[in-house]
Amino acid sequence: CYFIFFSFQQRIEIHKLRQGDNLILGFSIGGGIDQDPTQNPFSEDKTDKGIYVTRVTEGGPAEVAGLQIGDKIMQVNGWDMTMVTHDQARKRLTKRNEEVVRLLVTRQSLQKAVQQSMMS
Amino acid sequence: MSAAMDTESTYSGYSHYSGHSKKAHRQGRDRHKSPRSKDGSRSEKSVTIQTPPAEPLLGNDASRTEEGQDDNWGETTTAITGTSEHSISQEDIARISKDLEDSVGLECKRYLGLTVAAVLGLLVFLTPIAFILLPQILWRDDLEPCGTVCEGLFISVAFKLLILLIGTWALFFRQPKADIPRVFVFRALLLVLIFLFVFSYWLFYGVRILDLKDTNYQGIVQYAVSLVDALLFIHYLAIVLLELRQLQPMFTVKVVRSTDGESRYYSLGHLSIQRAALVVLENYYKDFTVYNPALLTASKSRAAKHMAGLKVYNVDGPGNNASGQSRAMIAAAARRRDSSHNELYYEEADHERRVKKRRARLVVAVEEAFTHIKRLQAEEQQKAPGEMMDPREAAQAIFPSMARALQKYLRTTRQQQYHSMESILQHLSFCITNNMTPKAFLERYLNPGPTLQYDRDRWFSKQWTLVSEEAVTSGLQDGIVFVLKCLDFSLVVNVKKIPFIKLSEEFIDPKSHKFVLRLQSETSV
């Protein structure tokens, strides 16, 4: 048996939750072009300056929608997130007039391939 | 001008293996001991090279009487053996010196050399004066009158000769400090150069001026001035060749003592092997800790135990296969399971603990002893005249309280034969006089110091032999190895060239030092 890493893209739709005066999504982001990419624990390539999901609160809207920790956010509502600063990313996710955000995320997955099925 | 020529070619034992003649014995030249007992000088530190070229330059009375009074006048004049005068090549020197040695005793050779050097020096110095005076004496009436110009030239000759005298005195009049095996090549060359030079000047003078009785006195005086100028330039050449050239460091030598592996590094310039050996020895006495044979007994006994207990029996017959036997012994010794490394480890750990304990006791004892002494100020000295002691008595008073601890410590570190009670008392009174703390007093006993610190009879290293594969007058090269042997141990000297350094330049604008923060923020949305 051997392990294969591959990444696949997924579209996730999060409905924001209203808490008092704020709309929250229920996760934390890290990364950005103004940040230090070598300290990102989730990225495979340590020069990757994209936006990553660093925490997902339990029971929050993000978890419900299927967002997982370690996902890299590629797009938010059609806006590209691969070359933005940390603050710009935060702003794009927390626009007050949007209740739904549609994310395009990339996730690394670990699959175990069964050798016998390949060989037989 | 007489150059520095020191060619004391009596040296210690065999100087190199290249098959040249062996000098029979060496001569010690220690100025401080009484000179010339025939073999009395053997026991002194005798690798002293007669460095100086102290030859009498002027024939005036002052220097003569000085030499006469000086008991060691022979040592302050340059020694030229017959070899350097006649030839320069190595074989010739060897051959001639062998002949000389066979025919004349060593003392005579030294005196011969000194006499020749003295005569040459005198000759060289008097030559300009002779050039000027001879026409006046011989054909005074025919000479053209030569007023102020000649007088000016006389003054310049006088001052230049004075400068030459002072320069030679400053540079070359030195006490001999070593006996070296072979002649100094540069000095020999310089002396020969001077001799040829003066000889040719005399030749020219004799043929052109004396024979023809030249009447142009100004020309003659100018000729003498040119001789003095040239002598000054030769003096400059001597400075450059003999002194300046060896100042810039070109080689690093590593000196390792054969008995315990203690090593040091020194920087040397362009020197001949024998002079490098001198420098190494001068530094040996102040840098290396004193050679202590008592410290070596432990490793010797271990070595003896390794091969002991193995016997070889030849079962196959009376053949004597020596190399096979020794190889078999080595293999058997290697395979034998011995725990000598264990012994060594525990023995050393034990010894260290013991030394530290004794040291602690010693330090405490000495500190306590020193508290019993107080220095009296001047006013107090008048008040209590009865109890006052001078340093020696004070030392004797406090010595008994620390004597036992000190002796035990010296025994443990095996230094006891280097310090007698008298020397300890002397050192103690010295320290008391100079207001030293107990720690300063103990500095001498806690660790073994350089050889110079101890009494001469405990040195174990006074006569040295230079063993070298290259000729000892050849210069240092990269990779040369030579050995300085004395009776109990030897110093192995390894010469390495200082590497060629490529240094380049880089300019950094002070305004170009800029920094950014490395951020790692996490925001919850």
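Select Tyr201(B) first. Its relative accessibility is 16%, so Tyr201(B) counts as buried. Keep in mind that this is a predicted model.

Tyr201(B) and Phe197(B) both belong to helix H7 of chain B, residues 185-210. They are about one helical turn apart, because 4 residues separate them in that helix. Phe197(B) is buried too, at 19% relative accessibility; the cut-off for buried is under 20%.

Zoom in on the two rings. A pair of aromatic rings is described by the distance of the centres and the angle of the planes. Over all chains, the structure holds 21 aromatic pairs. For Phe197(B) and Tyr201(B), the centres are 4.9 Å apart and the planes meet at 50°, so this pair is tilted.

Then pick Tyr223(B), buried at 14%. Their ring centres lie 5.4 Å apart with the planes at 35°, so this pair is tilted. Phe204(B) sits in helix H7 and Tyr223(B) in helix H8, residues 217-244 of chain B, so the pair ties together parts 19 residues apart in sequence.

Next, colour the annotated spans. An unreviewed UniProt entry places "transmembrane region" at residues 111-133, 153-172, 184-204 and 224-244 of chain B. Select residues 184-204: the span is 95% helix and 0% strand, and its end C-alpha atoms lie 30 Å apart. Select residues 224-244: here the span is 100% helix and 0% strand, with 29 Å between the end C-alpha atoms.

Move to the cysteines. The structure holds 1 disulfide over all chains. A disulfide is a covalent bond between the sulfur atoms of two cysteines. Show Cys146(B) and Cys150(B), which form a disulfide with their sulfur atoms 1.7 Å apart. The torsion about their S-S bond is about 100°, so the disulfide is right-handed. Cys146(B) is buried at 18% relative accessibility, and Cys150(B) is buried at 1%. Two further cysteines to click are Cys431(B), buried at 0%, and Cys486(B), buried at 9%.

Jump to Ile273(B). It is found in helix H9 of chain B, which covers residues 273-287. Ile273(B) is buried, with a relative accessible area of 0%. Draw a distance to Thr473(B): the two C-alpha atoms are separated by 6.0 Å, although the residues are 200 apart along the chain. Now show what surrounds Ile273(B). Beyond its neighbours within four places in sequence, its contacts include Leu466(B), Val472(B), Leu476(B), Ile480(B) and Phe482(B). Ser468(B), Glu470(B), Ala471(B), Ser474(B) and Gly475(B) are also among them.

Two charge-over-ring arrangements come next. Show Arg257(B) with Phe489(B): the charged end of Arg257(B) sits over the ring, 5.8 Å from its centre. Then show Arg264(B) with Phe288(B): Arg264(B) lies over the face of the ring, at 5.3 Å from the ring centre.

Finish by colouring by confidence. Chain B has a mean pLDDT of 77, and 74% of its residues reach 70 or more. Select residues 1-88 of chain B. Their pLDDT stays under 50, while the model has 267 contacts beyond four places in sequence for them. Where pLDDT is low, the predicted coordinates should not be read in detail. For the complex, the predictor gives an ipTM of 0.80 and a pTM of 0.62.

Note on methods: Residues numbered from 1 in each chain as written. Chains lettered and ligands numbered in written order. Predicted model: local features only at pLDDT ≥ 70, side-chain atom pairs only at ≥ 80, totals over all residues. Heavy atoms only, no water. Helix = DSSP H or I, 4+ residues; strand = E, 2+ residues; numbered from the N terminus. Buried < 20%, exposed > 50% of the residue type's maximum accessible area, 1.4 Å probe, protein only. Contact = heavy atoms within 4.5 Å. Phe/Tyr/Trp six-rings, centres within 6.5 Å; stacked < 30°, edge-to-face > 60°. Lys NZ or Arg CZ within 6 Å of the ring centre and 35° of its normal. UniProt positions renumbered as here; feature names shortened; annotations may be inferred. pLDDT = per-residue confidence, 0-100. Disulfide = S-S within 2.5 Å.
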